[in-house]
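These are my notebook entries on a two-chain model. I record what I looked up and the criterion used each time.

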Amino acid sequence: MSEAVASKQTGRQIKKDNPALQLAGKIALYIVLTGVALFTLIPFVWMISSSLKLDREVFAYPMKWIPETFRWENYMLIWQKVPLLTYFKNTAFIAIVVTFLQTLTSSFAAYAFAKLNFKGRDVLFLAYIATIAVPWQAYMLPQFIMMRSMGLYDTLWAMVVLQAFSAFGVFLMRQFYQGVPTELCEAARIDGLSEYGIWARIMLPLSKAAIATLVIFTFVGTWNDYMGPMIYLTRDVNKTIQVGLRRFIQENSSDYHLIMAASLCSLLPVSVVFLCLQKYFIEGIATSGLKG
Amino acid sequence: MAQTAAKKAGRPMSRLERKNTLIAYSFLAPNFLGFAIFTLIPVVFSVLLSFVKWNGGPISQMEWVGLDNYASIFKIEKVIEKFSEGEFFYFFERVDLGIALKNTIFYTLVTVPLTLICAIALAMALNKAVKGAVAFRTIFFFPYVASMVAICVCWNFMLMKDGPVNQFIQLLGIPFNKSWTADSTMAIWAIVLVSVWRNMGYYMVIYLAALQGVPRELYEAATVDGANKWQQFTNITIPQLQPTTFFASIMMIISCFKIFDVVAIMTEGGPGRATKMLVYYIYDVAFAQNKYGTASAISMVLLVIVLVITIIQFRSEKKFAND
């Protein structure tokens, strides 16, 4: 608020100096912003437009942004040609279970790291931190060999255990819990609350914002994950929407209109989550991104 | 608090301490068990695996080969031989690892500055009292949450021979009518384009937050001193944003070195080896050729690069904290 007022004031000062230049600057600003917004949105517009055409219309010259006839039946056709429903179910299962486990276990562990004293705390936390710096691609191979020997290859549970216990979640939650005054926990202890009680009745309710951030990032990250499912999931019944869509593209590479329709469907769930909760996305990046 | 626990650690624990430790472990256990089994152990084994020869068959076929995997990915003998013959760049021109490194570094060096410039420009524009700032922010950020397969295949189509991008640049008078991803010089630029397009909104959000932290008084003082907008930008905004720029660059360099999705979906490393990047190379050797030891050795190259960048970041973090 105060910034907006401040910038309006400086704006007014300059306006007195040169109103024409100020107006020109404002118009240029909107032109640039609209231009970049168009650049950002054009692939999505093209996707929608192509998904409503015939395959041979997609690359017609000169191209038409608005199809001559809207072929809504494309959207009926893809559900028959691609087992989209199976893919959606698999992806939703993985994303929901991972998000739930990740949030629960990280906030649990983060409480111990932030508010409890015990032997080996600093060493353990260092192990967590150190693995954040190690790229997953550097140890995906031994992980893969281990999972295969455990019989988890080509199962949805492989994707769950792969992503449910990341060090990042613990780190994020611990950062937040450290900001909660320790006196609050002390007071609760004196009042006779157990540590589990403090976690459930004080820490959890206080950390709604941090949990929201962790939940959406985990959910979107898992939903959009490509490399993990590509390595682990081979049978069609187990595929997620990302690898399933990719398989469909490889097998029907000239069904442009259907590929675009299926792609659009794959975008919808995450888009809805994003548009509803974007406040938490932006705040989450602004705080955790800056702290590194 | 931590110190008192450490001081007491030498003596046997009292009952209360033991109880507290047990409680703490019970909080940690669910996450730590999963973390130890699925992350910590594989991290340790990844180093060992790079010293063996193994095609993924029975463990008994695993064979300790020492540094052979490293010698073979760097093609050391051949590189030295060619070097003595005067072919100094044989490693980056002919050896798979060298080509993957060259492509990855080129991609990183182009993508990072382009993304940062776009991100700063957008953040500066939105930081003004613009009508519809929230709507613009949402639009710019949206590609970041959109899934890779959908957006990459869409860009692939748009960059095809008769696609809208080529139709547009032909309108501008540039006679280019090849499919970008099939052209050995343009393919990597297609990957850069998609990366910048996707990530600029994310870094814009980081810069928007950082701009809120720049003290208004600095601009007011500069205005009184008669500095124009551009001078204010170069003398106040840029220096004030320096820590953010540094951390954003580090984060982005690391993520550029780990690029996989765009390559796997758009070009599969081709045409030829034109867009072969480090992680795609690891994937190819590991899961297409089943050479687990060799793939692990390449992973170690990635690991070393990322760790060096992280150490640079840690050092500088201290420097920024002391300033």
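**Entry 1. Conventions and domains of chain A**

How many residues of domain 1 of chain A are in contact with domain 2 of chain A? I found that 4 residues of domain 1 of chain A are in contact with 6 residues of domain 2 of chain A, where two residues are in contact if their C-beta atoms, placed from the backbone, lie within 7 Å. On the domain 1 side, I noted 2 nonpolar, 2 polar and no charged residues. For these classes, Ala, Val, Leu, Ile, Met, Phe, Trp, Tyr, Cys and Pro count as nonpolar, Asp, Glu, Lys and Arg as charged, and the others, Gly among them, as polar.

I note that this is a predicted model, in which local features need pLDDT of at least 70 and side-chain atom pairs count only at pLDDT 80 or more, while totals for chains, interfaces and linings use all residues. Residues are numbered from 1 along each chain as its sequence is written, and chains are lettered from A and ligands numbered from 1 in the order in which they are written.

I then looked up the bounds: domain 1 of chain A covers 2–51 and domain 2 covers 78–291, as given by an automatic or database domain assignment. The centres of the two domains of chain A, taken over C-alpha atoms, are 36 Å apart.

**Entry 2. The chains one by one**

For chain A I recorded 14 helices and 0 strands; helices (H or I, at least four residues) and strands (E, at least two) are DSSP runs, numbered from the N terminus. Chain B has 16 helices and 2 strands.

The radius of gyration of chain A is 25 Å, whereas a compact globule of 292 residues would have one near 19 Å. This radius is taken over C-alpha atoms, and the globule rule is 2.2 Å times the number of residues to the power 0.38. Along the principal axes, the C-alpha atoms of chain A fill a box of roughly 75 × 70 × 35 Å, and the C-alpha trace of chain B spans about 70 × 65 × 40 Å.

I looked up burial next: 43% of the 292 residues in chain A are buried, and 38% of the 323 residues in chain B are buried. A residue is buried if 20 or more other C-beta atoms lie within 10 Å of its own, exposed if 12 or fewer, and partly exposed in between, with C-beta atoms placed from the backbone.

Of the contacts in chain A with a separation of 6 or more, 76% are between residues 24 or more positions apart. In chain B, 64% of the contacts between residues at least 6 apart in sequence join residues at least 24 apart.

**Entry 3. Where the chains meet**

I found 80 residues of chain B in contact with 77 residues of chain A. Helix α2 (residues 15–49) of chain B gives the largest share of the chain B side, 20 residues. By class, that side of chain B has 60 nonpolar, 15 polar and 5 charged residues.

At what angle do helix α2 (residues 19–51) of chain A and helix α8 (residues 148–158) of chain B cross? Their axes come within 10 Å and cross at roughly 85°. Axes are lines fitted to C-alpha atoms, for helices over the stretch in contact, and angles run from 0 to 180 degrees between N-to-C directions.

**Entry 4. Single residues**

I looked up B:Thr108, in helix α6 (residues 96–127) of chain B. B:Thr108 is buried, with 20 other C-beta atoms within 10 Å. Leaving aside residues up to four places away in sequence, B:Thr108 touches B:Ile253, B:Cys256 and B:Phe257. B:Thr108 and B:Met252 are 144 residues apart in sequence and 8.3 Å apart in space, C-alpha to C-alpha.

Most residues other than glycine have a negative phi. A:Asp154, not a glycine, has a positive phi of about 60°. A:Asp154 sits in the loop between α6 (136–149) and α7 (156–163) of chain A and is partly exposed, with 15 C-beta neighbours inside 10 Å. For B:Asn290, phi is positive and near 55°. B:Asn290 lies in the loop between α15 (278–288) and α16 (292–322) of chain B and is partly exposed, with 13 other C-beta atoms within 10 Å.
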